[in-house]
Amino acid sequence: MKPTELTGLPAGVGEHLEGEGVEALYPPQAEAVEAGVTDGENVVAAVPTASGKTLIAELAMLSAVERGGTALYIVPLRALASEKKTEFERWEEYGVTVGVSTGNYESDGEWLGSRDIVVATSEKVDSLVRNGASWIDDLSCVVSDEVHLVDDRNRGPTLEVTLAKLRRLNHDLQTVALSATVGNAPEIADWLDAELVDSDWRPIDLKTGVHFGNAINFADGSQREVSVDSGGKQTPALVDDTLDEGGSSLVFVNSRRNAESAASRLGGVTSEHLTDEERGELRELATAIRDVSDTATSDDLAECVAKGAAFHHAGLSSEHRDLVEGAFRDRLIKVIAATPTLAAGVNTPSRRVIVRDWRRYDPEFGGMKPLDTLEVHQMMGRAGRPGLDPYGEAVLLASNNDTKEELFERYVNGEPEPVRSKLAAEPALRTHLLATVASGFANTREDLLEFLDNTLYAVQSAGNAQLETVTDTVLDYLEANEFVEREGDTITATEIGHTVSRLYLDPMSAAEIIDGLRDAAGETGRDRQYGSRGGLDRDADADADESAGFTTANDLLDEGALENGDGEEKDEQSAEAEEADADADGTDDVSALGLYHLVSRTPDMYQLYLKSGDRDEYEEVLFERETELLGRTPLEYDDVAFEEWLSALKTARMLEDWASEVDEDRIAERYEVGPGDIRGKVDTAEWLLNAAERLAGELDLPNVVSVREAKKRVEDGVREELLDLTSVRGVGRKRARRLFEAGIESRADLREADKPVVLGALRGQKTAETVLENVGREDPSMEGVVADSDAKRAGREEAGGQASLGDF
DNA sequence: GTCTTTCAGGTCTAGACAGCATGTC
DNA sequence: CTAGACCTGAAAGAC
């Protein structure tokens, strides 16, 4: 079928596709058309990566738009949202408008309603539904990309519930779901009342095999000799072999450290194959990478990149990732050693994919657990660049014959696992039941259960009472924490319950925060029978059996969360930060550390890992600063709770360092994290503190001011005294500190200050003018002003590239 | 005596969504 | 019930 033969699309689309080189639809695409994607029919397409899934989605959305409707495209990752948006924007010349909505990149709410196609993450869509975005009701088509992720413990239930809600809001909604090939595609189609397109077809051949000894043994029976040198290392030999043919490789490993060390070793291989021109370009790229962030991670990456290799994992900042991915696509970087980030993320195809580690540490499992077949298939699916490579190769590594057999059985010839709903777990239901009640989808227990009937879980567990049991446990929990009220059969969300739902908080996080703030305010919480934790799981866990034995958490309050005092052994900066807090007036003051700790121990914060040596260190920190923390320290023999408390303390102290202007590289070194991790924690803390501020405001708690200040400090990464300055546009943590040191301590000062001093602190003339303009100075011109040298000197001490932590 | 290799023992372990209101060096 | 790659430091070996 030719694209121009398609009907129901906006004029010119078929021709455009032909212009892109689409002469005929791929078989799965044609199948989808036959199944009615362009006629508003529900379709589930379970096809391999890179076999034209996106076009199926585009056909559905464009035809929906042509019929006068609007479409929503749900992605699992923010990075994917912007990638897809750019891709869809090529239809704008045919009058189709595109918008994106994710947590950090939001086109204004109502404006989105005017778009024909909106790309959003599943959480964002959920949030839009919770907040009653009007245009959601008017959708005519929803596409869910990577639906197999409903299997994910943490985020799967959100997608599942969101799809159920969208379909409930609009019974005529066309649902198109794109999935990797999975074990139970028919079941998913059944859930969504959709036609199934299930296919293994690929546009370019994928040869999968196992390397053992001196050859790759492919599934088709062929062999390729790749002899391993004296060192016995398979990976470098395979990378070298690909390079001989002018191809690049992607190596998947199971830890960040492995990714980094593999990249550094592979640099030795790639550097042998570079042209002088490439060397030059790589040197430039390395410089760009160093400029992103002044951390060890950044340096290490730059060093590898100069040799044509790179590593890729979540410790990298988004700028790092973009640079590496881009250069790999441009074939400048010859090999990337990556953790699974890259398998799920944006499109980075490669001639050869090497799955080096096929087992990964899993604490629940108690050891190294084999990766799911589905996950390995996702990695292998990155092999082969359409239009560039004749075929792709995906290779697993075996060091002995038994392993070789096992790998063949499990991954090369093995079927991917079926997708299983993880909805019947407390953490998932906690948040989704509250949201479902709060946004009016259900107001009795029966309604709720009936609503849940629209989920994949219901399809998969007919006759299983677990969902019902967990629902009851969770309803009890929500009622005990005053998020819902029950009167007879009727369940309604309380005012605070509504807020929690709209803020997109896990109710357990909200309860923890409320308890903590009440505790600090000296309220005993006498109306509250139950503590925040209760018998509920902190983390997602579908199959654990739960007990509903709530414990009282809140009977006593700590005295004086205020006593800061003794800073003897503390890091200078922390001590100063503390002092600043103590200086602030008001009796309900809570230290920033206390608040950071509070949000860090919430299930919405992914805490820093407590390394073995850390335990002693943080026990000491706890001893020194316990009075600042909100709520009671768990007893030491309660190992799990105590350990969690300590790692939250570690996280909190990192945030405190950040909010005390400690340099990024020092933080990275001190907490053994990458720039990406720092950004992530800061981001989450900002979000949670904003929620805390709202909750405190609504409950009329007296510590709103402290919360707001702690939030602003993390936001800007500065101590209290700079907050006034950083509120000026164009002034961040570094410039603010330099101004402060030059004696300019406030916006008012800045308006009055001597221009030479300002120029000295801010360096560039243009920068200084812009800043003065932003602060509202009458005459911002710096024309002919000569920088004051004292200010310059003060400024220089602070010099040292601070990362730009802005997104994108 | 000094540098290098080897080996035993200990350590450490993937990822990343959301609110709100706009802008770092 | 379950691992394995990497690092560190000490001991052994090479010159």
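Which residue does R356 meet in a salt bridge, and at what N to O distance? The partner of R356 is D357, at 3.0 Å. A salt bridge here is a side-chain nitrogen of Lys or Arg within 4 Å of a carboxyl oxygen of Asp or Glu.

The model is predicted: local features need pLDDT of at least 70, side-chain atom pairs count only at pLDDT 80 or more, and totals for chains, interfaces and linings use all residues. Residues are numbered from 1 along each chain as its sequence is written, chains are lettered from A and ligands numbered from 1 in the order in which they are written, and side-chain values use heavy atoms, without hydrogens and water.

Across the whole structure, the search returns 46 salt bridges.

| Pair | N to O distance |
|---|---|
| R356 and D357 | 3.0 Å |
| R360 and E375 | 3.0 Å |
| D683 and R679 | 2.9 Å |

D357 is buried, at 15% relative accessible area; buried means under 20%, exposed over 50%, and partly exposed in between (1.4 Å probe, protein chains only).

R360 bridges to E375. R360 belongs to strand β15 (residues 359-362) and E375 to helix α15 (residues 373-380), so this pair ties together parts 15 residues apart in sequence. Helices (H or I, at least four residues) and strands (E, at least two) are DSSP runs, numbered from the N terminus. R360 is partly exposed at 25%, and E375 is partly exposed at 22%.

D683 and R679 sit in helix α28 (residues 675-698), four residues apart, about one turn of the helix. D683 is partly exposed, at 25% relative accessibility.

A network of salt bridges links R224, D241, E245, R351, R352, R385, D389 and E393.
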